[in-house]
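Here is a short briefing to read alongside the model. Please keep the viewer open as you go through the points.

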Amino acid sequence: MTQQEKPVPHIRNAPPQRVNFALSWLLGGISGVVGASCVYPLDMIKTRLQNQKTVIGTNTRMYNGIIDCFSKIVKNEGVIGLYRGLPAQWIGIIPEKATKLAMNAYMRKQFMYYNGDGDYYGLSIVQEGMAGPVAGLSHLIFTSPYELVKINLQLQGTREAHLKKNFRQVLSDIGFKGLFRGMDACACRDVLFSILYFGMYGTLKGRYISDSGFLPISSQLILGTVSGVFASSIATPFDTIKTRLQTVGGEEKYNNMFDCGKKIIQKEGPTALFKGVGPRILIISPLFGITLLVYEQLVKFFEKK
């Protein structure tokens, strides 16, 4: 392709070159642990809010919003209750975020045109979005099982003391086949989220990064967070359905994700699909903002070595 044939403006939003896939995977895992640990209390609140059921026409519920949920968890379970299930989060977040970030970087590299002189030409929002589904599906085998275990550990605090179960007991109740319950809803959520998130983030970053490749850390964090607000809010219904499907021993039984969505709408109203959207936005936005910031800074460090 000649200089006259370049289809898009020149930018310096290039994928890593000296960092190979294996190192990219490792850096993604480290970044995921940092990001997830920072926002885990909000994840606990989101799970509790999404799992509580409110019948249409009644106001019977355990929690009345984010603040009330936070206060009751701390009062009844102590501060440590906000971190119930965090080890399971670590176990799952490492391969999940590692695979997602490494695969997204790999796919972006396949789409980017390289002219042989170290210059790259920016991806369109469609190309950025096309890299997202591959990243979203690539880690599903890790994401769905660990989230199922995490959710059921998080919900132990809502049960009577003699009914609470530890990590081993929860795993025993779930069983091996049960680990993949709700995977279809998890796939829909992650694919939709990845298309929107990586498409928006990559496009915004390509617009604001300088020709020398410089983008202030504060700008990186803001762009990652804003993209997270947009993507997480739209994908929330699938997240709510996934949470219901993955709750072991719940009051309601569902045949599949369509049956689950139908019953939620019939019994609780359409807005119930967006239960926990507030804390989900508060979780996912900074989670991906922090994770992507740490990842890109680590990649930048190793690129210079």
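Gly 92 lies in helix 3, where helices (H or I, at least four residues) and strands (E, at least two) are DSSP runs numbered from the N terminus. With a relative accessible area of 3%, Gly 92 is buried; buried means under 20% relative accessible area, exposed over 50% and partly exposed in between, with a 1.4 Å probe and protein chains only. The C-alpha atoms of Gly 92 and Val 33 are separated by 9.4 Å, although the two residues are 59 apart along the chain.

This is a predicted model, in which local features need pLDDT of at least 70 and side-chain atom pairs count only at pLDDT 80 or more, while totals for chains, interfaces and linings use all residues. Residues are numbered from 1 along each chain as its sequence is written, and side-chain values use heavy atoms, with hydrogens and water left out.

**Overall make-up**

- The protein has 10 helices and three strands, and from the N terminus on its elements run β-α-α-α-β-β-α-α-α-α-α-α-α.
- Of its 305 residues, 49% count as buried.
- Among contacts between residues at least 6 apart in sequence, 81% join residues at least 24 apart; contact means heavy atoms within 4.5 Å.

**Helix 1 against helix 8**

- Helix 1 (residues 21-51) packs on helix 8 (residues 217-246) at an angle of about 75°, and their axes are 9 Å apart. Here the axes are lines fitted to C-alpha atoms, for helices over the stretch in contact, and angles run from 0 to 180 degrees between N-to-C directions.
- That angle makes helix 1 roughly perpendicular to helix 8, because angles of 65 to 115 degrees count as roughly perpendicular, those under 35 as roughly parallel, those over 145 as roughly antiparallel and the rest as oblique.
- Helix 1 brings Lys 46, Gln 50 and Asn 51 to the contact, while helix 8 brings Thr 236, Asp 239, Thr 240, Thr 243 and Arg 244.
- Sorted by class, this contact has no nonpolar, five polar and three charged residues. In this scheme Ala, Val, Leu, Ile, Met, Phe, Trp, Tyr, Cys and Pro count as nonpolar, Asp, Glu, Lys and Arg as charged, and the others, Gly among them, as polar.

**Nonpolar cores**

- The largest nonpolar core has 26 residues, and those with the most contacts inside it are Phe 193, Tyr 197, Ile 284, Leu 287, Phe 288, Leu 292 and Tyr 295. Such a core is a set of buried Ala, Val, Leu, Ile, Met, Phe, Trp, Tyr and Cys residues joined through side-chain atoms within 4.5 Å.
- At least two residues of this core come from each of helix 1, helix 3 (86-111), helix 7 (183-208), helix 8 and helix 10 (277-304). Helix 10 gives the most, with seven residues.
- Apart from this core lies another, of nine residues, including Ala 185, Cys 260, Ala 272 and Leu 273.
- Once neighbours within four places in sequence are set aside, Ile 284 is in contact with Phe 193, Gly 228, Ser 232 and Gly 289.

**Pro 286 in helix 10**

- Pro 286 lies in helix 10 and is partly exposed, with a relative accessible area of 23%.
- Pro 286 and Ala 36 are 250 residues apart in sequence, yet 9.2 Å apart in space, C-alpha to C-alpha.
- Leaving out neighbours within four places in sequence, Pro 286 is in contact with Val 39, Thr 225, Ile 281 and Thr 291.

- Arg 48 lies in helix 1 and, at 1% relative accessibility, counts as buried.
- Glu 77 sits in helix 2 (residues 66-77) and also counts as buried, at 14% relative accessibility.
- A polar contact of 3.0 Å joins the side chains of Arg 48 and Glu 77. A polar contact is a pair of N or O atoms within 3.5 Å; within protein, one must be able to donate a hydrogen and the other to accept it, and residues adjacent in sequence count only if both atoms are side-chain atoms.
- The side chain of Glu 77 makes a polar contact with the side chain of Arg 84 as well, at 3.1 Å.
- Cys 69 is placed in helix 2 and counts as buried at 0% relative accessibility.
- Cys 69 and Ile 45 are 24 residues apart in sequence and 6.3 Å apart in space, C-alpha to C-alpha.
- Beyond its neighbours within four places in sequence, Cys 69 is in contact with Ile 45, Arg 48, Leu 49 and Tyr 63.
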